[in-house]
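Please read the numbered points with the sequence and the model in view.

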Amino acid sequence: MPLVAGVDSSTQSCKVVVRDAETGTLVRQGRAPHPEGTEVDPYAWWNALLAAVDAAGGLADVAAVTVGGQQHGMVCLDEAGQVVRPALLWNDTRSADAARDLIAEAGGGEAGRRFWAEATGSVPVASFTATKLRWLARHEPANADRVAAVCLPHDWLTWRLAGAPGLDALRTDRGDASGTGYWSPRTGEYRFDLLERAFGRRVRVPVVLGPAQPAGLLDPAALTGAAPGAGPGAGPGAGPDGRVLLGPGTGDNAAAALGVGAGPGDVVVSIGTSGTVFAVADTPAADASGAVAGFADATGRFLPLVCTLNAARVLDAAAALLRVGLDELSELALAAPPGADGLVMVPYLEGERTPDRPTATGSLHGLTLGSSTPAHLARAAVEGMLCALADGLDALTAQGAAVRRIILVGGGARSAAVRQIAPQVFGRPVVVPPPGEYVADGAARQAAWVALGGAAPPTWAVGDTEEYASDGVPAIRGRYAQARELFVDRLDKASA
């Protein structure tokens, strides 16, 4: 059976999985770390990819390779294809003022947000590539003058795997293009007028491919450290005529949705360093409030998404406060009653993105003698984190997303308390797949789609899942909403 490889080039590390193209069976895998920081030399990603490929036993026997990567990061190239400056990552906030300026220049307030939502599906925030380009033009004009092309992390890595054959060979997909701020999921076209508005002039951007359209052929010399150009696809490979196809790739959230097999009616809640709530939808979203980013997915559909800054780190903070490990924190939380006898945590520990409260702090409400126990605090932390994600779920449904079930993934999903309390907060059935590298798996599944052809990606079994029936406890959400609004009112009065 043919093999395929999927790459997850995330903020923290690079993971490579090699799977059977038809069944999805894992054959081997490897990983390598990335440097910390919000500004990274792209060649650090490339070196990590080479190390992860080597740890996974190489790519000589695969038919296709696909890269899934962190969204939004700005990779600027000069006319010779050289990196102009270190890439600014999604979590680099220096372009926050640029985001506000772009909204103001479009009319400001509701009008400005509506303009961007209708044009690109999303309201600009510091994460998006367009805002980073505006920052570059204003703060580093000499570097800005050198820029001939701009692409995203996964685009650049795919291009490098092809042997870096020239700027016109840059390729991307709908999912990642939809996070730039200058591509429209609704029309499927670049908005070059918005690119020029952000950067001051037009530069080359990658061609946007269809979900299973090959991005080119692997150049084996690229993996050996030899000079590129030995001939794309030359050398041993398991594809047709010895060639190894490159998939179009996608952004990490779209890849994760593909990796867990999410379809219409599924909402994925990912609890990692940040929290994401996203749905597979048949129609594009355009939320002028900015809560929902109207992204595209990796299958030809759409992926409306809400991102929170505070997710698994809320559990880490509560465990540190109580001086326990995460497993003991889970046990404590499950020992307290639903609703923690009225104790509520608003978990804005490092500000918040959704809602947009960058200077917010966390708070506890309803503390009494009866709720002054480690178990109650642990329970309040878990419920508060989940309630913040449930706010994101509400924002998705307000945009028309259908919700049949919740698929819970990420490091936070390993907590027994999170798994058992989630249905009480979300009020919907929760499915927890086994721990895995779902971004890399989604990339591998796209590679299989490219290698095997067909109208849809191959059906792969996710593995043994845990299912938790819906048993919503409305009082949990109600008390949280009261505490959240009390906090917002106080913050608004303080800033008045």
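**Notes on the predicted model**

1. The sulfur of Cys76 lies 8.2 Å from the closest cysteine sulfur, that of Cys151, which is too far for a bond. A disulfide is taken here as a pair of cysteine sulfur atoms within 2.5 Å, and a search of the whole structure finds zero of them. Cys76 is buried at a relative accessible area of 1%, and Cys151 is buried at 2%. Buried stands for under 20% relative accessible area, exposed for over 50%, and partly exposed for what lies in between, with a 1.4 Å probe and protein chains only.

2. A word on the basis of these values is in order. The model is predicted, so local features need pLDDT of at least 70 and side-chain atom pairs count only at pLDDT 80 or more, while totals for chains, interfaces and linings use all residues. Residues are numbered from 1 along each chain as its sequence is written, and side-chain values use heavy atoms, with hydrogens and water left out.

3. The reader may next turn to the sheet. Seven strands form an open sheet in the order β18-β19-β17-β16-β22-β23-β24, with mixed pairing. Helices (H or I, at least four residues) and strands (E, at least two) are DSSP runs numbered from the N terminus, and two strands pair if DSSP finds at least two bridges between them. β18 and β24 (466-468) stand at the edges with a single partner strand each, so one side of each is left without a neighbour in the sheet. From one strand to the next, the twist averages 25 degrees. Angles run from 0 to 180 degrees between N-to-C directions, and axes are lines fitted to C-alpha atoms, for helices over the stretch in contact.

4. How is strand β22 placed within this sheet? In the sheet order, β22 stands between β16 and β23. Strand β22 (residues 405-409) is mostly covered, four of its five residues being buried. Five bridges join it in parallel to strand β16 (residues 266-271), and Val267 stands opposite Ile406 in β22. With strand β23 (residues 430-432), β22 pairs in the parallel sense over two bridges, where Ile406 stands opposite Val430. Between β22 and β23 the chain passes through helix α14 (residues 416-426), in a right-handed β-α-β crossover. Right-handed means that, with the strands pointing away from the viewer, the path from the first strand over the helix to the second runs clockwise.

5. α13 lies across β16, β17, β19 (302-308) and β22, and runs at about 30 degrees to β17. Contact means heavy atoms within 4.5 Å.

6. The structure holds 29 salt bridges, each being a side-chain nitrogen of Lys or Arg within 4 Å of a carboxyl oxygen of Asp or Glu. One of them joins Asp266 and Arg404 at 2.9 Å, N to O. Asp266 belongs to strand β16 and Arg404 to the loop between α13 (374-398) and β22, so that distant parts of the chain, 138 residues apart, are linked. Asp266 is buried, with a relative accessible area of 2%.

7. A further salt bridge pairs Arg94 with Glu39, their closest N and O atoms being 3.6 Å apart. This pair also links distant parts of the chain, 55 residues apart: Arg94 is in the loop between β7 (87-88) and α2 (96-105), and Glu39 is in strand β4 (residues 39-40). Arg94 is partly exposed at 32% relative accessible area, as is Glu39 at 34%. Asp101 and Arg138 meet in a salt bridge of 2.5 Å, N to O. Asp101 lies in helix α2 and Arg138 in helix α4 (residues 129-139), so this pair ties together parts that are 37 residues apart in sequence. Asp101 counts as partly exposed at 25% relative accessibility, and Arg138 at 47%.

8. Finally, which residues does Ala291 touch, leaving aside its neighbours within four places in sequence? They are Leu305, Val306, Thr354 and Ala395. Ala291 is placed in the loop between β17 (275-279) and β18 (293-296). Tyr190 is 101 residues away along the chain, and its C-alpha atom is separated from that of Ala291 by 23 Å.
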